[in-house]
Structure formats: C-alpha cells, structure tokens
Amino acid sequence: MEFYTSSGLKRPVRLNERTRQFAYESLNHKYGIDTIKTANIPLDHIENFENMAEIEKYNTAIYEIVTKAPVRICEKEKISGAATLGWAISHKVPVQYNSKPLWSSVSHLTIDFDTVLKKGVNFIRCEAEKYLIKYAGTEKEPFLKSCIHCIDCMKIYHLRYLETLKNKKGYEQNYKNLKVVPFEPATNFYEAIQSIWFTFAFVRLCGNWPGIGRIDRLLGDYLEKDLKENKITLDEAREVLAHFFIKGCEWVCGGNFGSGDAQHYQNIILSGIDENGADVTNDVTYLVLDILEELGISDFPTTVRINKNSDTKLLRRISEVIRFGGGIIAVYNEDLIIKSLTDYGYSLTESRKFANDGCWEIQIPGKTYFTYQPFDSLTILQKESITR
C-alpha cells in the first residue's frame with residue numbers, strides 16, 4: 001500500500017508490512033466506521049434517573065459506559081484499549097436519555113500523564129481518598145467521590161480488556177503489559193506507551209478530548225534505559241510507538257464532525273527544554289518524526305518546540321517531514337512563548353513545561369484550566385491604537 005502526499009514525494013518505508021497494513025486500514029475508516037455503529041449508551045432503564053443530582057447522573061453514565069461499551073481488539077495491535085462510542089467523536093458524553101444527549105464533554109486540557117507513568121492511577125486514587133477525608137461534609141465531597149468512582153469505573157473497563165486478551169493467541173504481550181499499567185507505574189518503554197494509550201482511550205471513551213503533551217519527554221527515559229539494557233532496539237521501539245499513532249486513528253470515519261483545525265485536540269509537543277533549561281530532545285523525538293513522515297497520520301497535531309540553541313540535526317529533520325505536506329508538523333518559537341508566559345505571571349520553571357491543546361492554545365499539562373473568555377477587540381483597537 002502507499003501513503004500519498006500532497007507534494008507527490010514518495011514516503012520512506014521503515015515499519016514492517018503488518019504495521020503499515022494496520023495504519024492503512026485505520027486511515028481508511030475501518031475502525032472509525034466500527035465506532036459509529038454504536039453511537040451511545042441509553043440510560044432510560046435507570047430507575048429514578050430524572051430525580052438524581054447532576055453529578056449522580058454523570059457517575060451513573062460513566063458506569064454504564066464502561067460496562068456496556070464494545071470492547072475492540074484490532075488485528076495484530078501491539079497496544080490495547082479503545083474509545084468505541086460514536087457520540088464521543090462529536091464532543092459529547094456518549095449517553096442518551098429519552099433519545100437526547102445530556103452533556104457536552106471536556107476538551108482543551110492536557111492530562112498529567114507524567115504522574116500516571118511514574119506513580120500510577122492507583123496513586124491518584126489514594127490522593128483523592130486523602131482529600132475526601134479532608135473535605136468530608138463540604139461542597140467538595142461529591143466531586144471527590146465522583147473522582148474515585150470514575151477511577152473505579154476505569155478499572156472495570158481495564159478488567160474487561162484483560163479478560164478479552166487473557167486467552168487470545170498472539171496478544172500475550174498486550175495482556176502482560178496491561179496487567180501492570182496504568183494503575184501501577186510503568187517499568188519499561190512498552191508499558192509506558194500502553195499506559196498513556198489506555199488512560200487516553202478511557203478518557204476519550206467518556207467523550208472527552210484530551211491532549212497528549214510532551215510525548216518525547218514522557219517516554220524518553222524509558223527508551224534510553226531499555227536501549228542501554230538491550231531490552232529493545234530502535235526499530236522495535238518505532239514499531240510499538242507507531243501503533244500508538246495508528247490506534248489514534250480509531251475515530252477516522254469520513255464524516256464531518258466539526259472538530260476544527262486540530263482533529264480531536266489530541267495535540268502532541270516535541271523537543272524543547274525542561275523546567276531546568278536542559279534540552280529534552282531524545283530518540284523518541286526522532287521516532288515520532290519517522291512515523292509521521294512514513295504514515296502521514298495527522299490525527300495527532302504535532303508541534304516542535306525550537307529555540308536559538310536547537311540542534312541543526314533536529315531542524316533539518318523537521319524540514320524533511322514538513323516537505324511531504326499535510327500540515328502535520330508545526331513549530332513554536334520556544335524562547336518567545338516562555339517569555340510571554342513569564343511576562344504574564346507564570347514562574348520560569350512552570351513556563352518551561354508548556355504544551356498545547358485544542359486550537360493550539362498554550363497550556364501547562366495537568367495544571368491549566370481552560371475556558372473561553374469573549375472580549376470586544378474593537379474596543380481595544382479604539383482605546384489602544386486609534387485614540388493614541
């Protein structure tokens with residue numbers, strides 16, 4: 001098969017034929033069409049649903065989603081988990097009551113995948129329990145209970161996949177990885193990719209559109225350690241990481257869902273400096289560029305942070321990928337953005353952690369609370385420009 005380009009240039013071939021076939025099928029709607037077959041989960045059978053508090057309705061909806069949404073294992077997939085309800089593609093919590101949706105879902109956020117990878121979701125649950133004790137009897141109690149409930153629902157979803165994979169021939173590694181993550185810390189590169197994907201897939205299953213953030217920063221140390229210990233090769237790592245990007249095409253279904261210029265807001269950031277000013281560019285940075293160059297997957301809008309000290313090797317590699325067209329790769333002037341954030345009041349350490357999401361808004365992963373704020377730009381123009 002061939003992955004076409006707007007420039008007419010031939011893409012390189014690095015991945016094995018099975019992975020390329022998986023990508024081709026995914027990009028050509030195979031799993032997206034499967035997703036829209038089950039649009040939502042009905043809640044009409046829930047007793048006394050109309051009289052529940054809104055947060056109780058939401059808790060009930062998440063439980064119904066994780067217990068009844070289809071489980072999908074794609075042929076020859078290297079990582080498992082899926083968001084299999086069609087309404088989620090339209091930025092809605094994929095449940096209906098009396099044939100109507102109940103809520104729009106959440107986007108313009110970047111999950112704190114760093115904590116998921118290093119400490120595990122069980123750690124997050126324990127933290128929520130501590131705060132529940134602290135805020136018992138206050139207005140925060142229902143929210144904290146809901147957080148714990150949603151994590152418990154994630155475990156139900158997780159168990160359904162483990163049960164499906166357990167005796168499925170050819171998926172022994174998927175099962176082995178998923179037994180550990182995302183509830184416990186990832187111990188190697190393969191587990192780390194599975195941890196990010198499963199967490200991301202669960203959040204998407206519930207209708208939300210989270211960003212991924214700085215994937216090379218998240219995964220780089222795991223790959224470096226595994227390479228040093230001869231547990232994986234770069235070619236093997238590229239294959240596994242490619243499945244992350246291919247799985248992200250599970251909502252490609254040929255329809256018009258009004259998702260704007262950034263697909264479903266699952267933005268990725270590469271390169272740049274860390275909170276201490278050290279360059280984070282690593283092997284994962286280049287593997288991502290390899291994958292995007294070969295497959296042309298645009299469902300993860302990817303931006304590279306470059307600065308005055310960026311390596312010429314990286315700049316050349318970015319250019320090589322951009323030349324194929326498709327708008328898959330963008331670049332940020334990191335120096336300018338960090339200065340803008342510090343001028344606005346962020347600390348330098350916090351500013352250096354920036355990622356993006358949605359329609360390319362700058363944000364701090366796991367920290368930023370995004371909201372739309374309308375303002376009258378004409379008034380600004382009149383007061384700041386014309387009247388001066």
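Arg-125 touches Ile-148, Ile-151, Asp-152 and Lys-155, leaving aside residues up to four places away in sequence; contact here means heavy atoms within 4.5 Å. Arg-125 sits in helix α5 of a predicted model, in which local features need pLDDT of at least 70, side-chain atom pairs count only at pLDDT 80 or more, and totals for chains, interfaces and linings use all residues. Residues are numbered from 1 along each chain as its sequence is written, and side-chain values use heavy atoms, with hydrogens and water left out.

**Arg-125**

- Arg-125 counts as buried because its relative accessibility is 17%; buried means under 20% relative accessible area, exposed over 50%, and partly exposed in between, with a 1.4 Å probe and protein chains only.
- The side chains of Arg-125 and Glu-129 are joined by a polar contact of 2.2 Å. A polar contact is a pair of N or O atoms within 3.5 Å; within protein, one must be able to donate a hydrogen and the other to accept it, and residues adjacent in sequence count only if both atoms are side-chain atoms.

**Helix α5**

- Helices (H or I, at least four residues) and strands (E, at least two) are DSSP runs, numbered from the N terminus.
- Helix α5 covers residues 121-134, and at 1.5 Å a residue its 14 residues should span 20 Å; the end C-alpha atoms are 20 Å apart, which agrees. The expected span is 1.5 Å times one less than the number of residues.
- Val-121, Arg-125, Ala-128 and Leu-132 are the buried residues of α5. They cover an arc of only 60° around the axis, so they lie on the same side of α5; the arc is that of the directions from the helix axis to the C-beta atoms.
- An α-helix has 3.6 residues a turn, so residues three or four places apart point the same way.
- Lys-130, Ile-133 and Lys-134 are exposed on the other side of α5.
- The packing partners of the buried α5 residues are α4 (113-119) and α6 (141-165).

**Cys-153 in helix α6**

- Cys-153 belongs to helix α6 and is buried, given a relative accessible area of 1%.
- Not counting residues up to four places away in sequence, Cys-153 touches Ile-62, Tyr-63, Val-66 and Phe-202.
- Between Cys-153 and Thr-67 there are 8.3 Å in space, C-alpha to C-alpha, and the two are 86 residues apart in sequence.

**Backbone geometry**

- Most residues other than glycine have a negative phi, and most peptide bonds are trans.
- Val-181 and Pro-182 are joined by a cis peptide bond, with omega about 0°; Pro-182 is in the loop between α7 (172-180) and α8 (189-205).
- Lys-76 is not a glycine, yet has a positive phi of about 65°. Lys-76 lies in the loop between α3 (54-68) and β2 (95-97) and is partly exposed at 37% relative accessibility.
- Asn-98, also a residue other than glycine, has a positive phi near 55°. The loop between β2 and β3 (100-101) holds Asn-98, which is partly exposed with a relative accessible area of 46%.

**Whole chain**

- The chain has 15 helices and 11 strands, and 50% of its 388 residues count as buried.
- For 388 residues a compact globule would have a radius of gyration near 21 Å, and the 22 Å of the chain agrees. This radius is taken over C-alpha atoms, and the globule rule is 2.2 Å times the number of residues to the power 0.38.
- The C-alpha trace spans about 70 × 65 × 40 Å along its principal axes.
- Of contacts between residues at least 6 apart in sequence, 76% join residues at least 24 apart.
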